[in-house]
Amino acid sequence: MPDAVRTPSLLECCAAAIGAVSGAVQPRRPDERFLRAISDAGLPNARRTVTVTSLAQTPRSVPTAAVVEGRFSPLRITNSLTSFVIQHPDATFIVDPGYCVDADHRALAQLPRLLRMAVRPPSDTIPTIAALLAEPDLPAPDFALPTHAHWDHVCGLLDLPGIPVHLHSTEHNWISRGTVAPVGGVRDSLKDRPLVEYDLDGPPVLTFTRSHDLFSDGSIVLVDLAGHTPGSIGILAHTRRGWILLAGDAAWHSLQIDEIRQKASFPGNFADVDRDLTFKSLHRLHLARHFATIIPTHDHDATRRLATRAEQDEP
Ligand SMILES: [Zn+2]
């Protein structure tokens, strides 16, 4: 039996509905003063390079205004539940193993009904394990590194039994504390496997205040993107073609980063644990975009830039 899961109150549902209407008319304005106060600590001094590959995934067309507050053009954009494989000279790891076989029963069933309807992916969404097996040239991952503990970033672990998970200690504490889970579809995925906790105890990097150098060589640096969840992180990767920042769900689409637009209140209110902090992280990403190619996990078009050549050539 999975643990009980917190359900949104009627008040929270009303606030999301009202916020969705008012945000469509008058989106939240960027905080110019905060933007000016953000300092840039520069890029890490990387001694090695890595390869970042996005795995195949089926896109879903969604109204732009349901993702990017107050934005109506283009009318629709695509999103998807993409996973990434990062190859470092010392290890290969999978980022955001986000979709399991039979996700309807194993993960989505634990979400509140309202949210389930809003986030249900297309029926032909590719489970992470299938997308991995379709890339025989990639080494098998040694561990998994989710950007945060939401069902659509971890439930693919259910088909990868025993694989160790590296998780930010703040995130682990948030998701595992108490008998009622803060969100559904996550605890089962983290159960019965080795867990390696880390802290963001390293110095500021770029526009982010804290970091963790995963291999102590500057090639993969995890940065603080708290807000969407308490322990959300971004993964700054030094590739031969430049710096890439996998941004998880700090933004759902690059348009949000370019224009500093928060997620629409529905479903954003239910997705972001702290809307104000998420908005601040968005400001930090906005400035960092000049130094790294930022890839939100669900921005389908952005993720395709990291697809293998064979997959990019497919119609
Ligand atoms: Zn999320």
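How much of the chain over residues 80–298 is helix and how much is strand, and how far apart are the end C-alpha atoms? Over this stretch the chain is 27% helix and 21% strand, and the end C-alpha atoms are 5 Å apart. Helices (H or I, at least four residues) and strands (E, at least two) are DSSP runs, numbered from the N terminus. The model is predicted: local features need pLDDT of at least 70 and side-chain atom pairs count only at pLDDT 80 or more, while totals for chains, interfaces and linings use all residues. Residues are numbered from 1 along each chain as its sequence is written. An unreviewed UniProt entry annotates residues 80–298 as "domain: Metallo-beta-lactamase"; UniProt positions are given in the numbering used here, feature names are shortened, and annotations may be inferred rather than shown by experiment.

An open sheet of five strands has the order β11-β12-β13-β14-β15, with mixed pairing. Its edge strands are β11 (211–213) and β15, each of which pairs on one side only. Two strands pair if DSSP finds at least two bridges between them. On average, neighbouring strands of this sheet are turned by 20° against each other, direction ignored; for such angles, axes are lines fitted to C-alpha atoms (for helices over the stretch in contact), and values run from 0 to 180 degrees between N-to-C directions. Strands β12 (residues 220–224) and β13 (residues 233–239) run antiparallel and are joined by five bridges. Ile-220 stands opposite Ala-237 in β13.

Asp-224 lies in strand β12 and is buried, with 23 other C-beta atoms within 10 Å. A residue is buried if 20 or more other C-beta atoms lie within 10 Å of its own, exposed if 12 or fewer, and partly exposed in between, with C-beta atoms placed from the backbone. Leaving aside neighbours within four places in sequence, Asp-224 is in contact with Leu-200, Phe-208, Thr-209, Arg-210 and Ile-233; contact requires C-beta atoms, placed from the backbone, to lie within 7 Å.

The largest nonpolar core has 77 residues. Such a core is a set of buried Ala, Val, Leu, Ile, Met, Phe, Trp, Tyr and Cys residues joined through C-beta atoms within 7 Å. Ile-86, Cys-155, Ile-235, Leu-245 and Ala-247 have the most contacts inside it. Not counting residues up to four places away in sequence, Cys-155 touches Gly-98, Tyr-99, Cys-100, Ala-103, Arg-106, Ala-107, Gly-185 and Ser-189.

Helix α11 (residues 275–288) has 14 residues and reaches 20 Å from its first C-alpha to its last, close to the 20 Å expected at 1.5 Å a residue. The expected span is 1.5 Å times one less than the number of residues. Buried residues of α11 include Phe-279, Leu-282 and Leu-285, and their cover includes β14 (242–246), α9 (254–259) and β15 (293–295). In helix α4 (residues 113–119) lies Val-119, which is partly exposed because 18 other C-beta atoms lie within 10 Å.

Some backbone features occur in loops. A cis peptide bond, with omega of about -10°, joins Ser-73 and Pro-74; Pro-74 is in the loop between β3 (60–63) and β4 (76–79). Asp-102 is not a glycine, yet has a positive phi of about 55°. Asp-102 is placed in the loop between β6 (91–95) and α3 (103–106) and is exposed, with 12 other C-beta atoms within 10 Å. Asp-192, also not a glycine, has a positive phi of about 55°. The loop between α8 (187–190) and β10 (195–198) holds Asp-192, which counts as exposed because it has 7 C-beta neighbours inside 10 Å.

How values were computed: Contact = placed C-beta atoms within 7 Å.
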